[in-house]
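Visitor: Hi, I'm new to this one. Can you walk me through what I'm looking at?
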Amino acid sequence: MEKRHGRGNFVRIPLNRIVYANDRHPEPTPAGPPTLTQTTIRETLAGTDLAPLLDVPEGTRLIEQTTISRRKGSTPHAMVRAYIPRNLIPGPLPTPEPQTSPWADNLRTHLTTAGIHPTHTTERLTARPPTAEESETLNLAPGVSVLAIQRQTTDTTNRIVEAAHLILSGDRVEATYTTPVAKKL
């Protein structure tokens, strides 16, 4: 049931779930429409929230990539803000690229091209109420939570080279993680 101020109560239509696996791509859905993304890239400065996430001083220049993902004909289901210290990618800002994943993985390609080799990624997954901006961007109904993933990627020197905030609509997206079982000798 969804309550709309001044209009009454409405039965919510069940939404098609989008499943993202830890291989970073949506599971194929034969009947589902394609995922569309809108990407912007800009420079920003590390503030009190981003500086510790990237382990850089406040005021450090960053590249910020924002990606909004939606299925054709529906409202957005994912919002990602990914960050890389500006000094790691020389020259002009990367050009926004169409993506099939909301995870902003293309930034890792830019790091590798610049000679930086990511070795591992740590992700912290929580469920929480959305911020006002997240609720508006993802067009969330009242009471819908978000899946919030905080990501940090390190390189061969254990330096954090990329960080991201991934926000997924809790009523439309499912994150599935598969971990291989270690074989005993």
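Guide: Let's start with one pair. The side chains of R159 and D155 meet in a salt bridge, 2.8 Å from N to O. Keep in mind that this is a predicted model.

Visitor: Is R159 buried or exposed, or in between?

Guide: R159 is partly exposed, with a relative accessible area of 37%.

Visitor: And where does D155 stand, buried or exposed?

Guide: D155 counts as buried, because its relative accessibility is 3% and the cut-off for buried is under 20%.

Visitor: How many salt bridges does the structure hold?

Guide: The structure holds nine salt bridges. One of them links R42 with E64, and the closest N and O atoms there are 2.5 Å apart.

Visitor: Which parts does that pair tie together?

Guide: R42 lies in strand β4 and E64 in strand β5, so the pair ties together parts that are 22 residues apart in sequence. R42 counts as partly exposed, at 43% relative accessibility. E64 counts as buried, at 6%.

Visitor: What does R81 form a salt bridge with?

Guide: Its partner is E133, with the closest N and O atoms 2.8 Å apart. R81 sits in strand β6 and E133 in helix α3, residues 132-137, so this pair ties together parts 52 residues apart in sequence. R81 is partly exposed, at 23% relative accessibility. E133 is also partly exposed, at 42%.

Visitor: Why would such side chains pair up at all?

Guide: Side chains of opposite charge can pair when their charged atoms come close.

Visitor: OK, new topic. How many helices and strands does the protein have?

Guide: The protein has three helices and 10 strands. From the N terminus on, the elements run β-β-β-β-α-β-β-α-β-α-β-β-β.

Visitor: Which strands make up the open sheet, and in what order?

Guide: The open sheet has six strands, in the order β4-β5-β6-β9-β8-β7. The pairing is antiparallel. β4 (35-45) and β7 (118-128) stand at the edges, each with a single partner strand, so one side of each is left without a neighbour in the sheet. Neighbouring strands of this sheet are turned by 15° against each other on average, direction ignored.

Visitor: What holds strands of a sheet together?

Guide: Strands of a sheet pair through backbone hydrogen bonds, either parallel or antiparallel.

Visitor: Let's go along the sheet. How many bridges pair β4 and β5?

Guide: There are 11 bridges between β4 and β5, which spans residues 61-71, and the sense is antiparallel. One to look for is T35, whose bridge partner in β5 is R71.

Visitor: And how many bridges pair β5 and β6?

Guide: β5 and β6 pair over nine bridges, again in the antiparallel sense. In β6, the bridge partner of L62 is P85. The two strands form a hairpin with four residues between them. In the turn, G73 has a positive phi of about 85°.

Visitor: Which strand does β6 join through six bridges?

Guide: That is strand β9, residues 160-169, and the two run antiparallel. V80 has L166 as its bridge partner in β9.

Visitor: How many residues of β6 are buried?

Guide: Nine of the 10 residues of β6, which spans residues 76-85, are buried, so the strand is mostly covered.

Visitor: Back in β5, is T67 buried or exposed?

Guide: T67, which lies in strand β5, counts as buried, at 0% relative accessibility. The side chains of T67 and Q65 are joined by a polar contact of 3.4 Å.

Visitor: Now a loop, please. Where does L88 lie?

Guide: L88 lies in the loop between β6 and α2 (106-113). L88 counts as buried, at 9% relative accessibility.

Visitor: What does L88 touch?

Guide: Leaving out residues up to four places away in sequence, L88 touches L111, A114, I116, R159 and V161. L88 and L111 are 23 residues apart in sequence, and their C-alpha atoms are 7.1 Å apart in space.

Visitor: Last one, zooming out. What share of the protein's residues count as buried?

Guide: Of its 185 residues, 42% count as buried. The accessible surface of the protein comes to about 10700 Å², and 55% of that belongs to carbon and sulfur atoms. Among contacts with a separation of 6 or more, 62% are between residues 24 or more positions apart.

How values were computed. Residues are numbered from 1 along each chain as its sequence is written. This is a predicted model: local features need pLDDT of at least 70, side-chain atom pairs count only at pLDDT 80 or more; totals for chains, interfaces and linings use all residues. Side-chain values use heavy atoms; hydrogens and water are left out. Two strands pair if DSSP finds at least two bridges between them. Axes are lines fitted to C-alpha atoms, for helices over the stretch in contact, and angles run from 0 to 180 degrees between N-to-C directions. Buried means under 20% relative accessible area, exposed over 50%, partly exposed in between (1.4 Å probe, protein chains only). A polar contact is a pair of N or O atoms within 3.5 Å; within protein, one must be able to donate a hydrogen and the other to accept it, and residues adjacent in sequence count only if both atoms are side-chain atoms. Contact means heavy atoms within 4.5 Å. Accessible areas come from the Shrake-Rupley method with a 1.4 Å probe; for residues, only the protein chains shown count as cover. A salt bridge is a side-chain nitrogen of Lys or Arg within 4 Å of a carboxyl oxygen of Asp or Glu.
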